[in-house]
Amino acid sequence: MTIHKGIRTGGRSARVQQSVHAAVKKLLESHDRADVTVPMIAQSAGVTPSTIYRRWGDIATLLADVALERFEPDEHLPDTGGFRGDVLAYAELYLDEMSSDLGRSMLRDVVATDDNNCALRCAELITKRLVVLAERAVARGETPLSTAFLIDGIFAPMVYRILFSETAPDNAYIRTLVDRCLPAD
């Protein structure tokens, strides 16, 4: 089931998405994720369950959509004066956010949905930020490595460990990954 996010940018569709997302966030503050149901969300959002099923298809896709909205950062990307430092600072910020209980839950929601679009959107968020860091590096006269290389070398192993290890990686592990991809001069 593909999330129909973005088909309409305003009006009733936007209000429904906003109220459903708000209901999910509020319910997750007071209930375990496994206990939250579509009828509970619908009642809290003031919509019918069929509205939720029509738009999102299932609860896993809805939770993934809400998680992806939370992935959008409010802060600006770090600017350390060099590409390596910027990538390290961003990777540490990403680790801090995604290794929290909420971050792990959000990543699991994205992975749990059958909608591949959610995973693609999640990957796109990292890619966009690395592109910004690369463009900044080029403007400073640096030659950055490809975003695909950085994702494969830093972010993929980090996400794997966040999701599948008993304990989340720490900043020392992230520095090791960055050192492998971007050795210090």
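D79 is exposed, with a relative accessible area of 53% (exposed means over 50%, buried under 20% and partly exposed in between, using a 1.4 Å probe and protein chains only). This is a predicted model, so local features need pLDDT of at least 70 and side-chain atom pairs count only at pLDDT 80 or more, while totals for chains, interfaces and linings use all residues. Residues are numbered from 1 along each chain as its sequence is written, and side-chain values use heavy atoms, with hydrogens and water left out.

Back to D79, which sits in the loop between α4 and α5. Setting aside neighbours within four places in sequence, D79 is in contact with D86, R136 and R140 (contact means heavy atoms within 4.5 Å). Y90 is eleven residues from D79 along the chain, and their C-alpha atoms are separated by 9.2 Å.

Now for the whole chain. The secondary structure comes to nine helices and zero strands; both are DSSP runs numbered from the N terminus, with helices being H or I of at least four residues and strands E of at least two. The C-alpha atoms fill a box of roughly 60 × 40 × 25 Å along the principal axes. Of the 185 residues, 41% count as buried. Among contacts with a separation of 6 or more, 72% come from residues 24 or more positions apart.

What about charge? The chain carries 21 positive and 26 negative side chains, and the centres of the two sets lie 6 Å apart. Here Lys and Arg count as positive and Asp and Glu as negative, with His and the chain ends not counted; each charge is placed at NZ of Lys, CZ of Arg, CG of Asp or CD of Glu.

On to the inside. The largest nonpolar core has 34 residues, and Y94, I154, F155, M158 and I174 touch the most other members. Such a core is a set of buried Ala, Val, Leu, Ile, Met, Phe, Trp, Tyr and Cys residues joined through side-chain atoms within 4.5 Å. The elements giving two or more residues to this core are α4 (59-71), α5 (83-98), α6 (101-112), α7 (116-139), α8 and α9 (171-181). The largest share, eight residues, comes from α5. Apart from this core lies another, of 16 residues, among them V16, V38, V47 and L62. As for Y94, leaving out residues up to four places away in sequence, it touches L107, I126, F155, M158 and V159.

Two of the helices can be set side by side. The expected span of a helix is 1.5 Å times one less than its number of residues.

| Helix | Residues | End-to-end C-alpha distance | Expected span |
|---|---|---|---|
| α7 | 24 residues | 34 Å | 34 Å |

In α6, the buried residues are G103, R104, S105, M106, L107, D109 and V110. In α7, the buried residues include C118, C122, L125, I126, R129 and L133. V138 also lies in α7, but V138 counts as exposed because its relative accessibility is 51%. After α7 comes G141, whose phi is positive, near 90 degrees.

Last stop: T147, found in helix α8 (residues 147-164). Which residues does T147 contact, leaving aside its neighbours within four places in sequence? They are T127, L130 and V131. R129 is 18 residues from T147 along the chain, and their C-alpha atoms are separated by 9.3 Å.
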